[in-house]
Amino acid sequence: MQQFKNLKFVILIIVVLLILVIVRNSDQNLFKKDIKSAIEATQNNSNTLSLNQLRQLKGPWMVVNIGNSDLPDSVQVEHSMKIPFENLLDQTNRKILEEVNGDLILYSADVATASKAWVILNQMGFKNAFILNAGGNPEELKYKFQPDTTARLEQDSI
Amino acid sequence: MDARIRYSVLLVGVGIILAFLPFDAAQTFQLKSDELLTRSASEEMYFSVDQVARAVNSEDSTVQIIDVRSVAQFRECNIPSSINIPFDDLQNPLWEATLNQKKVKNIFYGNGDQTASYAWTIVTGLGYPNNFVMKGGLNEWFSTVMLSQYSGEKITPAENARFENRLNARKAFTEINSLPDSLKTRFFNAKRLNQSKLDGGCN
């Protein structure tokens, strides 16, 4: 008992630190994953699905339309829901996303919106999130640069 | 009680607490998720290709244009004065000093909007300030800056300024990207050397 009394300040400090750590880690708004997981998941576009790949999925899935436009015609309405991007992390919507059975397929006609949402969800720990690319590879360069073979830089610039 | 025992108990306790904290806090998002979402939904995160063209023409030193495509794609063609930070290499600690600057705006671009948006979200999530995306990427740059033509009969001063801006950016783009690879390498090395001299670094 005497030993415990002597240690009470030390134990008090540890308990305070422990409470702070628990409070910090229990904040739902904090990210806990390493960015490496997001970067690796985007390699070879393994986090994206085409419409064909979506049709061939064997397990359950749910398309979440986070954009302003409607879903592509080939996506069945019963397998989809609409959540505006800016409300994606509202408490109710977050719970809905967590309860989705199977893969979570993010769709927006503006691929930038789906990409940002995917990174945020990935970093929040949603391992089952994918992006639906309905219009082909958005990172394909559609133009070919035609060099001007007569162009030369001034000597002093090199 | 012996002070050594007190300190030992304290250190063990702190050690246990540290064990529960993330291993490398620098590589996890520092922003809260709702704040990151609010910034992501804002249109203020975008630069138009005309704004980027203006920055290129004026050699704006407060703007840092960042190409997040692969090294091979960057070598094929890139926006003048842009630097290449391939998206796959974004977590390399070497880039932190380049990306985490208070007075410089980072403008990310890829071929489209996807990779640049990934990069923007990660860099903003890490807590680095002043990040933007060039809306539409290099595809938009080609259609607006490289291939734009005026077809009306009269041109207003504002339209004239816009087309002149595009024309100058187009010339710079064509000039730099038309160089043979050997000259391009020399040009980029010279540019890097000049930059390190300006930064006060060594060769």
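What share of the contacts in chain B with a separation of 6 or more comes from residues 24 or more positions apart? The answer is 66%. Chain A can be read in the same way: there, residues 24 or more positions apart account for 65% of the contacts with a separation of 6 or more. Please keep in mind throughout that this is a predicted model.

Let us begin with chain A. Its 158 residues include 25% that count as buried. Six helices and five strands make up its elements, and from the N terminus on they follow the order α-α-α-β-α-β-β-α-β-α-β. The domain assignment divides chain A into domain 1, covering 1–30, and domain 2, covering 35–132. Taken over C-alpha atoms, the centres of these two domains of chain A are separated by 40 Å.

How confident is the predictor about this chain? Chain A has an average pLDDT of 85, and 89% of its residues score at least 70. Among its elements, α1(A) has the lowest mean pLDDT, at 72, while α6(A) has the highest, at 96. Both of these helices return when we turn to the contact between the chains.

Chain B has 203 residues, and buried residues make up 31% of them. Here you will find nine helices and five strands. Read along the sequence, the pattern of chain B is α-α-β-α-β-α-β-α-β-α-β-α-α-α.

Now look at where the two chains meet. The contact draws 47 residues from chain A and 50 residues from chain B. On the side of chain A that touches chain B, at least two residues each come from α1 (2–6), α2 (8–26), α3 (35–42) and α6 of chain A. Of these, α6(A) gives the most, with seven residues. Sorted by class, this side of chain A holds 28 nonpolar, nine polar and 10 charged residues.

Just after α3(B) comes B:E59, which takes a positive phi of about 50°. This residue adopts that value although it is not a glycine. You can find B:E59 in the loop between α3 and β2 of chain B. Is B:E59 buried or exposed? It has 10 C-beta neighbours inside 10 Å, so B:E59 counts as exposed.

B:S81 sits in the loop between α4 (71–76) and β3 (83–84) of chain B. With 18 other C-beta atoms within 10 Å, B:S81 is partly exposed.

One last stop is B:S70, in the loop between β2 and α4 of chain B. B:S70 counts as partly exposed because it has 16 C-beta neighbours inside 10 Å. How far is its C-alpha atom from that of B:P86, 16 residues apart along the chain? The separation between the C-alpha atoms of B:S70 and B:P86 is 5.1 Å.

Terms used: Residues are numbered from 1 along each chain as its sequence is written. Chains are lettered from A and ligands numbered from 1 in the order in which they are written. This is a predicted model: local features need pLDDT of at least 70, side-chain atom pairs count only at pLDDT 80 or more; totals for chains, interfaces and linings use all residues. Domain bounds come from an automatic or database domain assignment. Two residues are in contact if their C-beta atoms, placed from the backbone, lie within 7 Å. Helices (H or I, at least four residues) and strands (E, at least two) are DSSP runs, numbered from the N terminus. Ala, Val, Leu, Ile, Met, Phe, Trp, Tyr, Cys and Pro count as nonpolar, Asp, Glu, Lys and Arg as charged, and the others, Gly among them, as polar. A residue is buried if 20 or more other C-beta atoms lie within 10 Å of its own, exposed if 12 or fewer, and partly exposed in between; C-beta atoms are placed from the backbone. pLDDT is the predictor's confidence in each residue, from 0 to 100.
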